[in-house]
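Subject: Structure handover

Hello,

Here is the structure I wanted to pass on to you. Please open it first, then read my notes below.

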Amino acid sequence: MTEVLLAIHLMIAAALVIVILLQRSEGGGLGIGGGGGGGGFMSARGTANLLTRSTAVLATCFFVTSLALAIIADSGRRGSIADEIRVEEPRQDPQVPQAPVSQ
């Protein structure tokens, strides 16, 4: 189960990187299909909307698979990491004399 989810997670991460790199920094998207008249398959705005929505969907899937992997990784452990902290009593140094208590 973990291996399958990890493989899906890696594919989502690679697709997310590709989709982000395809976008223009000005928000124009790929710019394909918008060069000639208005008869292209997709306009520049449509391409930008498609890439923006794809980025949002892939980012959501990446977030969900990250949480799922974290939950699966933690399922074998019992308790909290704070339970593993050992608190030691402070030792008194024999070389340092104690101050006398005045009455």
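L67 has a relative accessible area of 43%, so this residue counts as partly exposed. The cut-offs are under 20% for buried and over 50% for exposed. L67 belongs to helix α2. L67 is also one of four residues in a nonpolar surface patch, with F63, V64 and I71 as the others. Together the four have about 420 Å² of accessible area.

Please keep in mind that this is a predicted model. The mean pLDDT of the protein is 77. Of its residues, 62% reach 70 or more. Residues 31-39 fall below 50 in pLDDT. That stretch still has 11 contacts in the model beyond near neighbours in sequence.

**Overall picture**

The protein has two helices and zero strands. Helix α1 covers residues 2-22, and helix α2 covers residues 44-74. There are 103 residues, and 13% of them are buried. The accessible surface is about 8,700 Å². Carbon and sulfur atoms account for 63% of that surface. Now take the contacts with a separation of 6 or more: 56% of them join residues 24 or more positions apart.

**The core**

Which residues form the largest nonpolar core? There are five: I12, L16, V19, L51 and L58. Two elements, α1 and α2, each give two or more residues to this core. The largest share, three residues, comes from α1.

L58 sits in helix α2. Its relative accessible area is 18%, under the 20% cut-off, so L58 is buried. Beyond four places in sequence, L58 contacts I12, A15, L16 and V19. L58 and A13 are 45 residues apart in sequence, yet their C-alpha atoms are 8.0 Å apart.

V19 contacts L58 as well as L51, S54 and T55, again leaving out neighbours within four places.

T55 lies in helix α2. Is T55 buried or exposed? T55 is buried, because its relative accessibility is 17%. Apart from neighbours within four places, T55 is in contact with L16, V19, I20 and Q23.

H9 lies in helix α1. H9 has a relative accessible area of 11%, so this residue is buried too. Which residues does H9 touch, leaving aside those within four places in sequence? F62, T65, S66 and L69 are its contacts.

With a relative accessible area of 36%, T2 is partly exposed. Not counting residues up to four places away, T2 touches L69 and I72. T2 and A68 are 66 residues apart along the chain. Their C-alpha atoms are separated by 9.2 Å.

**Where to click**

- Core: I12, L16, V19, L51 and L58.
- Surface patch: F63, V64, L67 and I71.
- Buried threonine: T55, with L16, V19, I20 and Q23 in contact.

Best wishes

Technical notes. Residues numbered from 1 in each chain as written. Predicted model: local features only at pLDDT ≥ 70, side-chain atom pairs only at ≥ 80, totals over all residues. Heavy atoms only, no water. Helix = DSSP H or I, 4+ residues; strand = E, 2+ residues; numbered from the N terminus. Buried < 20%, exposed > 50% of the residue type's maximum accessible area, 1.4 Å probe, protein only. Contact = heavy atoms within 4.5 Å. Areas by Shrake-Rupley, 256 points an atom, 1.4 Å probe, with all protein chains shown as cover. Patch = residues over 30% accessible without salt bridge, like charges linked within 9 Å, V, L, I, M, F, W, Y side chains within 5 Å. Salt bridge = Lys/Arg side-chain N within 4 Å of Asp/Glu carboxyl O. pLDDT = per-residue confidence, 0-100. Core = buried A, V, L, I, M, F, W, Y, C linked by side-chain atoms within 4.5 Å.
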